[in-house]
Amino acid sequence: MQDLSSLWQAVLEKLELNVSNVSYVMWFKPLKVLDFVDGKKLIIATNSTSAKNQILRNYIDKLKSAVEDIFGENIEIEVLDQNEEIEYVKINGENSKEKGVEVNKNPFNAKYTFDNFVVGKSNQFVYAAARSVAEHPGEKFNPLFIYGGVGLGKTHILHAIGNYLKEFNPNLNVMYVTCEQFANDYIESLGSASKNKAVLEFRAKYRNLDVLMVDDIQFISKKTSTQEEFFHTFNELYQNNKQIIISSDRPPKDIETLADRLRSRFTSGLIQDIQQPDLETRIAILRKKCQLEKYVIDDNVIDFIAEKIDSNIRDLEGMLSKIYFLANLSNKPSATMEEAFEAFNGLIEEEKNEGLSPDDIIDCVCKYFDITRADIIGKKKSKEVVEPRMIAIYLISEILEMPLVSIGKLFGGRDHTTIMHSRDKISDALKTSFKTQSFINDIKKMLKSGQNC
Ligand code: ADP
Ligand code: MG
């Protein structure tokens with residue numbers, strides 16, 4: 001049983017992936033779910049008659065398919081405008097957003113399929129292995145261990161296996177979880193009032209599967225009891241020839257504090273890495289994305305993005321959407337180099353910072369906050385030091401685009417996930433905190449002018 005609001009949230013998340021940013025923000029985000037009648041009819045409210053008409057005229061298919069993914073097949077949808085909503089609520093009361101709903105949910109992202117996965121030199125072996133496992137689960141490569149950097153397609157390939165199995169082998173019991181979900185699930189069962197029963201249920205859930213996929217297993221590294229439990233889950237499935245597929249941002253040998261017996265299980269099947277895509281693959285991925293999202297974008301813009309961004313496919317796609325969004329805002333039929341330059345403005349700005357080194361940035365941040373270099377690099381955890389440290393990390397990553405691992409080395413050998421966490425914390429704070437915005441602006445100004453650093 002799940003409540004209606006959270007299911008609707010899941011529908012919105014699907015839609016966000018399946019329509020352009022502009023359409024999502026304009027038409028879907030403002031929608032409200034009012035009721036789910038008899039498990040058959042979903043009542044949705046828009047904020048105006050023209051929004052209702054837009055949805056019915058242009059987006060009803062997308063809406064239907066997202067609703068079906070989450071609520072199951074054959075769901076009727078009724079879209080109300082503002083006045084109809086008032087009427088509906090008058091008759092039915094502020095009905096049932098919290099009412100429990102039983103659904104048959106597909107956990108796999110409909111867009112993450114094998115067909116939508118562009119194969120190139122960087123990922124051809126992972127693709128082949130994943131396909132083979134999807135076609136013959138439990139028979140070929142077991143476990144399949146996929147590793148590669150952030151945004152290179154690991155989650156996509158796991159979902160592709162899931163989607164494939166759902167289509168061609170629907171009777172199999174397939175589960176996809178992130179490592180965090182697995183760990184939380186386990187810890188929750190340990191903390192439950194009827195602990196023994198909860199742990200047994202946990203085990204029944206994870207050990208009676210035909211295929212288990214665990215995404216981002218590196219996060220298991222510090223969780224000793226979860227490792228222990230996963231080891232037994234693994235053995236049980238493995239001994240029964242059930243398929244296990246694992247993804248990680250690094251190979252098993254580099255996952256710190258991983259129990260040796262688990263490490264040796266991970267290495268006992270096939271280990272395959274995804275590398276950074278070459279230029280041709282990046283171009284092909286961008287073209288595929290345009291085709292899927294129905295973006296109209298000039299070819300030279302695609303080449304330009306593919307040349308400029310070479311590390312991560314998520315960033316590549318993000319830039320493509322940004323450029324399309326800019327063209328859309330000014331009602332252009334196609335995105336051109338004009339929008340590309342505008343979107344890249346931030347990056348081009350950075351080029352003005354040429355000649356800056358990470359040390360310059362560290363020195364400048366120290367000076368600005370009046371702390372020492374030893375403190376910023378060291379292990380102190382007081383607020384006066386932690387915030388400047390995160391800001392320095394953020395600036396080095398943002399301005400110099402230095403790899404996280406190298407930044408970690410600069411800051412006393414910190415792990416790259418710690419660096420990523422610091423960077424993301426500041427980049428989130430920038431969206432809401434005036435104080436953080438002014439720190440960053442001041443320091444950037446100092447760096448540009450060379451003043452005081
Ligand atoms: P990871 O899990 O490795 O961090 P994701 O699977 O989330 O990366 O991929 C990031 C984005 O890049 C997703 O939108 C995904 O669809 C896309 N992507 C990655 N690899 C490919 C590929 N080979 N072809 C098409 N899209 C890809
Ligand atoms: Mg992922």
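The model is predicted: local features need pLDDT of at least 70, side-chain atom pairs count only at pLDDT 80 or more, and totals for chains, interfaces and linings use all residues. Residues are numbered from 1 along each chain as its sequence is written, chains are lettered from A and ligands numbered from 1 in written order, and side-chain values use heavy atoms, leaving out hydrogens and water.

**The domains.** Colour residues 2–100 as domain 1, 124–274 as domain 2, 279–348 as domain 3 and 358–449 as domain 4. These bounds come from an automatic or database domain assignment. Between domain 3 and domain 4, the C-alpha centres are 29 Å apart.

**The shell around ligand 1.** Next, select ligand 1 and the 17 residues around it, of which V118, G151, K154, H156 and E317 come nearest; a residue is near if one of its heavy atoms lies within 4 Å. Domain 2 and domain 3 each contribute at least three residues to this shell. Helices α6 (154–168) and α13 (313–329) each supply at least two; helices are DSSP runs (H or I, at least four residues), numbered from the N terminus.

**Polar contacts.** Now display pairs of N or O atoms within 3.5 Å, the limit for a polar contact. At V118, a backbone N or O atom lies 2.8 Å from a nitrogen atom of ligand 1. Select E317: one of its polar side-chain atoms is 2.7 Å from an oxygen atom of ligand 1. The protein buries 92% of the 560 Å² that ligand 1 exposes when taken alone (Shrake-Rupley method, 1.4 Å probe).

Technical notes:
A polar contact is a pair of N or O atoms within 3.5 Å; within protein, one must be able to donate a hydrogen and the other to accept it, and residues adjacent in sequence count only if both atoms are side-chain atoms.
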